[in-house]
Amino acid sequence: MKQILSLTALSLLSLTAVAAPRSAAETEAAVQDLLSRMTLEEKVGQLNQLSGYGAHPDMLGRIRAGEVGSLLNETDPAVVNRLQREAVRKSRLHIPLIFARDVIHGYKTIFPIPLGQAATWDADLVRQGARIAADEAGSVGIRWTFSPMVDISRDARWGRIAESFGEDPLLASRLGTAMVEGYQGDDLSDPRTMAACVKHFACYGAAEAGLDYNTTWVPMPLLRDVYLPPFKACSDAGAATFMVSFNDINGVPSSANRWLLKDLLRDEWGFGGLVVSDWSSTAMMVPQNYCADLREAAAKSANAGMDMDMESYAYIRHLPGLVRSGEVAEATVDSLCANVLRLKYRLGLFDNPYVDEKKAYDFYHPESLDAARRAVERSAVLLKNDKGLLPLDLASYGKVAVIGPMADDRHNQAGTWVFDLEKEHCVTPLEVLNGLAPEKIIYQRALKHTRDRSEAGFADARKAAGAADLVLFFAGEEAVLSGEAHCRTDLTLPGAQKELLRELRKSGKPIVMVVQAGRPLVIGDEADLCDAVLFLFHGGTMAGPGIVNVLTGVAEPGGRLPVSFARASGQMPLYYNRKGTGRPASGIVLIDDIPEEASQTSTGCTAFYLDAGDGPRYPFGYGLTYTSFDYSEPSLSADTLSADGSITVSCNVTNTGSREGSEVVQLYVRDLAGSLVRPVKELKDFSRVTLAPGETRTVSFTLPATALSFTRADGTFGPEPGEFNLWVASDSQSGTPVKFSLK
Ligand code: GLC
């Protein structure tokens with residue numbers, strides 16, 4: 001009896017014992033020891049990631065046979081433990097599984113979509129959101145998320161701009177690393193942390209014509225100076241994993257791109273983590289006309305250094321044979337497998353493989369919901385506010401008409417990539433308004449959803465507007481109109497929303513338009529019909545409280561645009577840090593103003609569209625506040641910068657309004673001449689300051705010469721001597737430059 005007890009005690013202990021984290025050397029020794037005891041098939045099994053729902057006999061059999069290294073999409077903690085027991089107790093070497101999920105902007109407490117989090121320009125908020133996501137997801141056994149997505153997105157036709165941090169490499173770098181830090185915490189063996197997965201490596205956002213999965217052509221200087229920096233920043237921040245992108249880069253798919261995955265990621269950057277494919281991206285190389293069949297795809301991916309194969313079955317079906325035929329060295333498989341085992345040790349899974357079911361479903365803490373609401377408030381971008389209509393004093397209005405398809409839509413306010421959303425926990429703007437002043441609110445949805453073209457609801461909407469003193473028009477995009485495979489060629493409001501707004505305009509009442517969408521929209525015409533415009537990238541669970549707090553002045557609109565808003569869809573791709581042209585736009589003549597039989601050169605010869613003019617409707621970095629700020633001319637610690645030195649840039653920012661407010665002070669430079677054509681402007685730093693009315697604060701930045709580096713004509717990276725303009729401003733189009741030179 002004593003013997004049985006001690007065995008039972010031991011097995012219980014192993015279930016709950018949490019050993020101290022191993023040192024890197026101890027982990028390496030454990031990995032190599034385990035590897036030395038594995039068969040080729042067992043090594044390949046660790047490289048196989050499958051999507052699983054439920055503990056079905058077929059899946060249990062694969063796990064028992066050592067054919068699965070990781071599962072994605074199982075979120076029932078009891079099932080997670082059942083599957084894990086099959087691996088830990090029944091497989092020959094008892095190697096635990098990693099459970100993964102797309103936790104993109106929250107697990108249950110849904111934060112704004114990443115593009116909305118980018119609009120906060122607030123790394124602390126982004127880090128906190130990721131921490132909350134890891135804590136909630138960890139409570140059901142998820143230990144690996146496929147986030148942050150740091151693809152630079154310059155084309156709003158591309159639906160996945162919603163998941164990105166926008167068009168600027170510096171902003172994406174800072175917020176991407178904050179997300180990595182939030183997910184991974186200080187100790188990745190803590191069950192309430194998740195391995196981050198930096199994706200999609202690389203250039204996915206450069207998809208030709210903004211069409212998802214499309215080819216990309218990215219010259220090396222553009223690749224290194226725009227698309228790669230956020231990935232490098234996340235690698236340097238200690239991201240545990242990377243995910244390859246579906247697209248090819250200049251003809252070589254990322255899933256089999258040895259230059260990308262080995263020469264750059266491992267050798268140049270020193271990344272020591274795991275690289276996973278995107279969903280069946282290895283198999284996709286066949287229709288991409290890059291591989292003749294799945295076997296060739298498996299060989300090319302393995303030899304390029306892609307560690308884990310998500311859902312294409314290429315590795316599990318073909319790698320053993322490829323090793324036996326000599327087309328893939330077993331040492332290669334050892335290396336791929338070691339990266340998987342290393343991650344499992346880092347996650348503490350060998351010591352603590354199970355999720356604590358007694359502490360599962362640990363969601364929606366009040367402080368989490370507060371943080372989500374603050375993120376909404378800080379992501380809200382005030383685009384227009386004529387006559388200071390906002391913030392609203394609801395008491396001063398008799399009736400308020402709340403109209404439109406996005407005023408009361410729990411599902412769609414959450415945005416894309418919310419597999420685990422419980423929409424009953426979402427709070428909508430209408431619910432909050434009805435809670436504040438039920439006697440004032442007249443609500444008309446008017447359109448069934450944002451794509452609805454029917455005008456059947458217009459009469460009631462007109463009536464509501466006519467009976468009200470103020471109209472709140474809630475417009476936008478449904479969640480399904482952005483995200484993966486959801487591209488649009490027309491970036492205007494879908495359905496009959498513009499027509500509905502025109503009808504509301506006839507009421508003569510003041511109109512506030514609140515737009516919730518997954519991308520920057522072309523809404524200039526609509527904005528011209530409104531007195532105030534507030535724009536949010538889908539805000540998540542707490543979109544309602546956040547939006548109403550901003551509308552009523554409980555909170556300020558803290559957002560600044562992380563992407564440029566176009567005047568017309570045809571301007572795509574559109575981004576602020578574009579290269580200079582030899583003929584910058586001047587003397588713009590628009591199509592309706594061109595006289596008949598106008599001569600060939602009568603509209604000038606400069607870079608603008610006859611039917612849209614030039615530049616964005618709302619620029620990168622833009623956002624109004626409920627106060628106003630004045631910027632002094634920037635002062636420089638020196639007007640000459642040495643190649644190994646730095647200068648301090650200072651600017652006095654004054655709150656010239658009557659309310660406290662925060663301002664995102666932005667530092668831009670322009671290199672006036674280079675061995676390659678240089679961008680007209682580049683963000684080099686930013687800082688948020690909160691100032692009381694009348695308060696002046698000196699905001700200072702340190703600008704090292706290294707920050708002026710770029711990939712030069714000879715392929716080397718570094719700054720070049722010459723003259724520079726420098727701005728300290730409230731957005732990418734404001735401010736007066738000062739000059740400095742680099743010796
Ligand atoms: C999807 C996406 C990727 C996601 C993965 C797993 O197709 O491209 O971002 O993480 O598959 O769901």
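The model is predicted, so to speak for its limits: local features need pLDDT of at least 70, side-chain atom pairs count only at pLDDT 80 or more, and totals for chains, interfaces and linings use all residues. Residues are numbered from 1 along each chain as its sequence is written, and side-chain values use heavy atoms, with hydrogens and water left out.

**Ligand site**

- Who sits around the ligand? The shell (residues with a heavy atom within 4 Å of it) is made up of D102, F146, R160, K199, H200, M243, F246, D278, W279, M310, W417 and E484.
- By class, that shell holds six nonpolar, one polar and five charged residues; here Ala, Val, Leu, Ile, Met, Phe, Trp, Tyr, Cys and Pro count as nonpolar, Asp, Glu, Lys and Arg as charged, and the others, Gly among them, as polar.
- The D102 side chain puts an N or O atom 2.5 Å from a ligand oxygen, and for the side chain of R160 the distance to a ligand oxygen is 2.7 Å.
- On its own the ligand exposes 310 Å², and the protein buries 94% of that (areas by the Shrake-Rupley method with a 1.4 Å probe).

- Three cavities of 30 Å³ or more turn up in the structure. A cavity is a set of points, on a 1 Å grid over the protein atoms alone, where a 1.4 Å probe fits but cannot get out; a pocket is an open set with protein on both sides within 12 Å along at least five of seven lines; and lining residues have an atom within 4 Å of a point.
- The largest cavity has about 110 Å³ of space, where a volume is the space filled by probe spheres set on the points, with grid points joined across faces, edges and corners.
- Its lining runs to 14 residues, with R143, L349, P353, Y354 and V355 nearest the centre; nine are nonpolar, four polar and one charged.
- Both α5 (77-90) and β3 (98-101) supply at least two residues of that lining. Helices (H or I, at least four residues) and strands (E, at least two) are DSSP runs, numbered from the N terminus.
- The second largest pocket comes in at about 630 Å³ and is lined by 25 residues, with Y576, R578, D614, G615 and V680 nearest its centre.

**Sheets**

- Two bridges link β3 and β4 in the parallel sense, and A100 has W144 as its bridge partner in β4.
- Another open sheet of five strands is mixed, in the order β19-β27-β26-β21-β22.
- There, β19 (640-641) and β22 (682-691) are the edges with a single partner strand each, so one side of each has no neighbour in the sheet.
- β26 (722-729) and β27 (738-742) run antiparallel with five bridges between them; V738 in β27 is the bridge partner of L726.

- The K199 to H200 peptide bond is cis, with omega near -5 degrees, and H200 lies in β5 (197-201).
- L390 and P391 are also joined by a cis peptide bond, omega about 0 degrees; P391 is in the loop between β11 (381-385) and β12 (400-403).
- K387, in the loop between β11 and β12, has a positive phi near 55 degrees despite being a residue other than glycine.

Definitions and conventions:
A polar contact is a pair of N or O atoms within 3.5 Å; within protein, one must be able to donate a hydrogen and the other to accept it, and residues adjacent in sequence count only if both atoms are side-chain atoms. Two strands pair if DSSP finds at least two bridges between them.
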